[in-house]
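Colleague: Please take a close look at a single part of this model. I would like one connected account of that part and its surroundings.

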Amino acid sequence: LFARPWDFLIGARSLGDLPPLDRTELAFAGRSNVGKSSLINALTGQSGLARTSNTPGRTRELNFFLPEAEAGLLLVDMPGYGYAKAPKTEVAQWSRLIHDYLRGRANLRRVFVLVDARHGIKPSDETIMNEFDKTAVPYQIVLTKADKIKPAELEAVKADTADRIRKRPASHPTIIATSAEKGWGMEELRTEI
Ligand code: GDP
């Protein structure tokens, strides 16, 4: 799956742009600047696939990526959230798109919720996890930029994160620590996919 190229399929800005429901979808969500593009690029081994955002919080589309090796699967890059300086209209647009996407997306099998290993779960992460719980979309926490903290700190963040998601109905118990920069956790994540 990861030895062959991935193609950009479509950038959806509204419900009408979404691809048909006939492929399994796995999505990536996270706060702006969490390292989502870097992770997708590291995971697929394609440095230019997901665009790294120089402008944090910029409203983007839901981007769908199709692996050449498996036509029945799509990876979905959800637009980043939680950027404090984002204009209200942009936040509203974002919420609408995510809401529309999550509702009735039976082929969306899991969302990887990316959380910066230095900061842990933030209120905006809680908000989107509430939405996932409400719509019964399974999700799993992926800690990013693990190379930026000491191993002991990483263990503490992992334990704290596990505590916070324990009671959530749609959450996956395993937390994956990654570094796109060092390649850490990529095999673990590929196995989940
Ligand atoms: P996005 O906005 O979530 O797509 O985040 P980006 O992928 O654009 O990354 C945001 C910033 O974090 C960039 O400056 C990246 O170089 C940096 N970054 C991303 N992943 C890692 C990582 O694993 N380790 C380190 N040290 N920096 C990272």
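Modeller: I start with Ala29. Setting aside neighbours within four places in sequence, Ala29 is in contact (C-beta atoms, placed from the backbone, within 7 Å) with Met78, Val111, Val113, Leu114 and Ile128. A word on the basis. This is a predicted model: local features need pLDDT of at least 70, side-chain atom pairs count only at pLDDT 80 or more, and totals for chains, interfaces and linings use all residues. Residues are numbered from 1 along each chain as its sequence is written.

Now strand E4, residues 73-77. Strands (E, at least two residues) and helices (H or I, at least four) are DSSP runs, numbered from the N terminus. Four of the five residues of E4 are buried (20 or more other C-beta atoms within 10 Å of a residue's own, C-beta atoms being placed from the backbone), so the rest of the structure largely encloses this strand.

Two strands pair if DSSP finds at least two bridges between them.

Strand E2 (residues 24-30) pairs with E4 in the parallel sense, over five bridges. Leu26 has Leu75 as its bridge partner in E4. Glu25 stands opposite Leu74.

Strand E3 (residues 62-67) runs antiparallel to E4, joined to it by three bridges. Asn63 has Asp77 as its bridge partner. E3 and E4 form a hairpin, with five residues between them.

Notes
Two residues are in contact if their C-beta atoms, placed from the backbone, lie within 7 Å. A residue is buried if 20 or more other C-beta atoms lie within 10 Å of its own, exposed if 12 or fewer, and partly exposed in between; C-beta atoms are placed from the backbone.
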